[in-house]
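Subject: Structure handover

Hello,

Here is the structure we spoke about, with the sequence alongside. My notes on it follow below.

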Amino acid sequence: MSTPVNVLVMIHGMTLDPEPRSAFSQYQELWDGLLKEAPNLSDVFPQGFIGVEWGQELPTPSQPPLEQLRDDQKLTRAQNFLNERISYDKVVRDSHPNNISLSIFGDVPLLSPLIRSLVVGLRESAVIHGFSDVIYYCSADGETRVRKAVYGQVLKQLDSCLDESDVRIHLIGQSLGVTLTHDFLYGLFAPHHSPGFCKQLDEDDPDKERFQKWRDKAQTGELKVGSLTSTASQLPLFMMRKQKLVNLLAANKLLDTSSIGINNGDGIKWKIFYDVDDLLGFCTRRLYNSPDAIMELQVDSGDNPDHAHNGYWTNKKVIAEIAKLLLENA
């Protein structure tokens, strides 16, 4: 009987910062927290983790020409330019005679400017710099480019495991990264399925062959889902992008977890974390047909929507629960 090879993958979500920092600092912080909670995880994952960067241009001493960026990295400049042109602060300072705005106080109660300021701040950070990532991924162009960036990084790192007969992949996704982990698993494990990712690639693209090899291993049981961790899940929203899923939900039917490699009876394989203060994270467990395989936990990851959305991976309860999940499924 072969010794299991465990692989840990971390995928970040939407980026709210106009000057993104590398996600690897966030990944490393989580990994350090997991090792502090369960030091023997270093034996389970001797190579550490596979971290993925997508959809953001990281700061550099000299800004590279636009044509040197991957298409998904251009999101950062596009969002920043969009914000420069349409943010409320910039609009009210525009002296053009065709630009007509009200005073922030206007003819409204005193508290209203405070509420308005909060609404404007949320709209311009969460929507322009964050939710536009979601809109991009929902488009055919964006989906192809984001998957190419994300899947390509993971598949390349998995090359060293291709000859192994018992590989267990453990995925941790945050925010939009939850959807990316879900889509990645669906492409590998869904039976009688022709993966959209392979259709999106050129015939000579090495990632097409890589993905097909791993799908073959998933279908024969040589690749298994070790565990899945989701924080700030947006899966309920993304279910509306496919008519097949709309039809399923409209008929009051649940989604089948076996299509992502998770089966009832195998213990807890999937943990989902949410905070009610997080405007961009949703409960997800009750949409699936394997309640015994999924645990959903409410946590307090922050005291305001921004902190709540970004605070899961430093939350002690979240770290302890992820460590337990990894150990139990390795």
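A residue counts as buried when its relative accessible area is under 20%, as exposed when over 50%, and as partly exposed in between. Please keep in mind that this is a predicted model.

Buried histidine

H309 is located in helix α12, which covers residues 305–310. Its relative accessibility is 2%, so H309 counts as buried. Setting aside neighbours within four places in sequence, the residues in contact with H309 are M14, Q174, S175, A232, Q234, D278 and L280.

Helix pairs

Two packed helices are described by the angle between their axes and the distance between the axes.

Helix α7 (residues 176–189) and helix α9 (residues 206–220) have axes that come within 7 Å and cross at roughly 70°. Angles of 65 to 115 degrees count as roughly perpendicular, and α7 and α9 are therefore roughly perpendicular to each other. On the α7 side the contact is made by F184, Y186, G187, L188 and F189, and on the α9 side by F211, W214, R215, A218 and Q219. Sorted by class, this contact of α7 with α9 has 7 nonpolar, 2 polar and 1 charged residues.

For helix α1 (residues 23–37) and helix α13 (residues 316–328), the axes come within 9 Å, again with a crossing of roughly 70°. The pair α1 and α13 is therefore also roughly perpendicular. From α1, the contact uses L30, G33, L34 and E37; from α13, it uses I319, A320, I322, A323 and L326. The classes in the contact of α1 with α13 are 7 nonpolar, 1 polar and 1 charged residues.

Salt bridges

Side chains of opposite charge can pair when their charged atoms come close. With a cut-off of 4 Å between side-chain nitrogen and carboxyl oxygen, the count comes to 21 salt bridges.

- R77 and E57 meet in a salt bridge, at 2.7 Å from N to O. The pair links distant parts of the chain, 20 residues apart: R77 is in helix α3 (residues 75–86), and E57 is in the loop between β2 (50–52) and α3. Both R77 and E57 are buried.
- D183 forms a salt bridge with R241, and their closest N and O atoms are 2.7 Å apart. This pair also links distant parts of the chain, with D183 in helix α7 and R241 in the loop between α10 (235–238) and α11 (243–250), 58 residues apart. D183 has a relative accessible area of 11% and is therefore buried, whereas R241, at 25% relative accessibility, counts as partly exposed.
- K208 forms a salt bridge with E203, with 2.7 Å between the closest N and O atoms. K208 is buried, because its relative accessible area is 18%. E203 counts as exposed, because its relative accessibility is 66%.
- A network of salt bridges links K148, D159, D205, D207 and R210.

Helix α3

The buried residues of α3 include L75, T76, R77, Q79 and N83. R77 is the residue already listed above for its salt bridge with E57.

Regards

Technical notes
Residues numbered from 1 in each chain as written. Predicted model: local features only at pLDDT ≥ 70, side-chain atom pairs only at ≥ 80, totals over all residues. Heavy atoms only, no water. Axes fitted to C-alpha atoms, helices over the stretch in contact; angles between N-to-C directions. Helix = DSSP H or I, 4+ residues; strand = E, 2+ residues; numbered from the N terminus. Parallel < 35°, antiparallel > 145°, perpendicular 65-115°, else oblique. Contact = heavy atoms within 4.5 Å. Nonpolar A, V, L, I, M, F, W, Y, C, P; charged D, E, K, R; others polar. Buried < 20%, exposed > 50% of the residue type's maximum accessible area, 1.4 Å probe, protein only.
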